[in-house]
Amino acid sequence: MKPTFMGASTKQGYDIAARSREIVRSLIDEKTKDLTAEEKSIVERIVHSTADPEYADITCMSNDFVLRGLEAVSQGKDILTDISMVKAGINRYTGDVKCYINHEKTIELAGNTEVTRAAAAIEVAASEGFDGVVVIGNAPTALWKVMKMVETGSMNVSAVIGVPVGFVGAAESKKALEGTSIPHLVTQGPKGGTPVAVAAINSLINISKNQ
Ligand SMILES: C/C1=C2N=C(/C=C3N=C(/C(C)=C4\N[C@@](C)([C@@H]5N=C1[C@](C)(CCC(=O)O)[C@H]5CC(=O)O)[C@@](C)(CC(=O)O)[C@@H]4CCC(=O)O)[C@@](C)(CC(=O)O)[C@@H]\3CCC(=O)O)C(C)(C)[C@@H]/2CCC(=O)O
């Protein structure tokens, strides 16, 4: 696989990405001065992907997030996403990227129990023996389910990127994740979404390749 920078793999693409990174740095350098080099790189990539410097204020990581996340992706552990759009964006990982939202067991479970498909998909992933990094960009109910299953010892999770977007439960679910001992990255408040989730995990994967 060709080396990339911010997903760019051509000379022109690389130049655009490098220029964009310079602009991002000039916008958020002061705000990120207390972060480690790895944390800074992750925040820069999120701001780069969204063109929204506010992410430098609202992105928060637990102290062990980078360590535990890097350990997991370096070992090639599985990555689990809440929805297909997030999975589609993680295109340079050599391990498995899984998403059970359209799995027949998920559809059956959601139909029988009347929970969301997003939450049912987490239960199915755990029942299939998932062990790795969870990436949630859209569905608060999936994030609540992960926290519950980790708390009850029914799911193995190395780290969680919890950045669901929206006005119904997103902020609350992320606040709850911050109160757990699960290694995590969150964006506080309603903002987040697929581009943020993908930027965060792709940045972690990129850092692990350059170690
Ligand atoms: C609250 C939900 C939101 N979904 C958003 C954005 C997009 N969702 C798409 C699709 C096709 C799917 N979303 C579901 C996950 C569906 N979305 C929800 C739920 C209603 C509730 C989740 C929760 O609160 O935890 C959820 C329903 C569920 O039962 O889980 C999906 C399963 C719906 C379905 O088809 O049954 C489905 C997943 C399909 C898949 O992954 O294969 C969009 C592609 C729709 C679109 O815009 O066309 C889009 C993806 C956007 C992206 O950037 O990737 C929001 C906006 C995140 C929204 C939360 C906002 C809010 O209501 O406040």
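How are α1 and α2 oriented to each other: roughly parallel or roughly perpendicular? The close-ups below, all taken from a predicted model, start with that pair.

**View 1. Helices α1 and α2 pack at an angle of about 110°.**
Here helix α1 (residues 11-28) meets α2, and their axes sit 9 Å apart. Angles of 65 to 115 degrees count as roughly perpendicular, so α1 and α2 are roughly perpendicular to each other. On the α1 side, the contact is made by Ala17, Ser20, Arg21, Val24, Arg25 and Ile28. Facing them from α2 are Ser41, Val43, Glu44, Arg45, Val47 and His48. Sorted by class, this contact has 5 nonpolar, 3 polar and 4 charged residues.

**View 2. Helices α8 and α9 run roughly parallel to each other.**
The axes of α8 (residues 140-151) and α9 (residues 170-178) come within 9 Å and cross at roughly 25°. Angles under 35 degrees count as roughly parallel, which is why this pair gets that label. The crossing of α8 past α9 is left-handed. Pro140, Leu143, Trp144 and Met147 are what α8 brings to the contact, while α9 supplies Ala170, Glu172, Ser173, Lys174, Ala176 and Leu177.

**View 3. A closer look at α8 and its buried residues.**
With its 12 residues, α8 reaches 17 Å from first C-alpha to last, close to the 16 Å expected at 1.5 Å a residue. The buried residues of this helix are Pro140, Ala142, Leu143, Val146, Met147 and Met149. What do they pack against? Their partners are α7 (117-127), β4 (131-136), β5 and α9. An α-helix has 3.6 residues a turn, so residues three or four places apart point the same way. Just after α8, look for Gly153, which takes a positive phi of about 75°.

**View 4. Ser158 sits buried in strand β5.**
Strand β5 covers residues 156-162, and Ser158 is found in it. Ser158 counts as buried because its relative accessibility is 4%, and the cut-off for buried is under 20%. Which residues does Ser158 touch, leaving aside its neighbours within four places in sequence? They are Arg68, Ala72, Lys77, Asp131, Gly132, Val133 and Pro183.

Start with Ala51, in the loop between α2 (37-50) and α3 (55-58). Is Ala51 buried or exposed? With a relative accessible area of 68%, Ala51 is exposed. Now move to Glu114, in the loop between α6 (104-113) and α7. At 75% relative accessibility, Glu114 counts as exposed, since the cut-off for exposed is over 50%.

**View 5. Helix α10 is largely enclosed by the rest of the structure.**
Helix α10 takes in residues 194-209, 16 residues in all. From its first C-alpha to its last, α10 reaches 22 Å, close to the 22 Å expected at 1.5 Å a residue. Why call α10 largely enclosed? Because 13 of its 16 residues are buried.

Note on methods:
Residues numbered from 1 in each chain as written. Predicted model: local features only at pLDDT ≥ 70, side-chain atom pairs only at ≥ 80, totals over all residues. Heavy atoms only, no water. Helix = DSSP H or I, 4+ residues; strand = E, 2+ residues; numbered from the N terminus. Buried < 20%, exposed > 50% of the residue type's maximum accessible area, 1.4 Å probe, protein only. Contact = heavy atoms within 4.5 Å. Axes fitted to C-alpha atoms, helices over the stretch in contact; angles between N-to-C directions. Parallel < 35°, antiparallel > 145°, perpendicular 65-115°, else oblique. Left-handed = near helix turned anticlockwise from the far one by under 90°. Expected span 1.5 Å × (residues − 1). Nonpolar A, V, L, I, M, F, W, Y, C, P; charged D, E, K, R; others polar.
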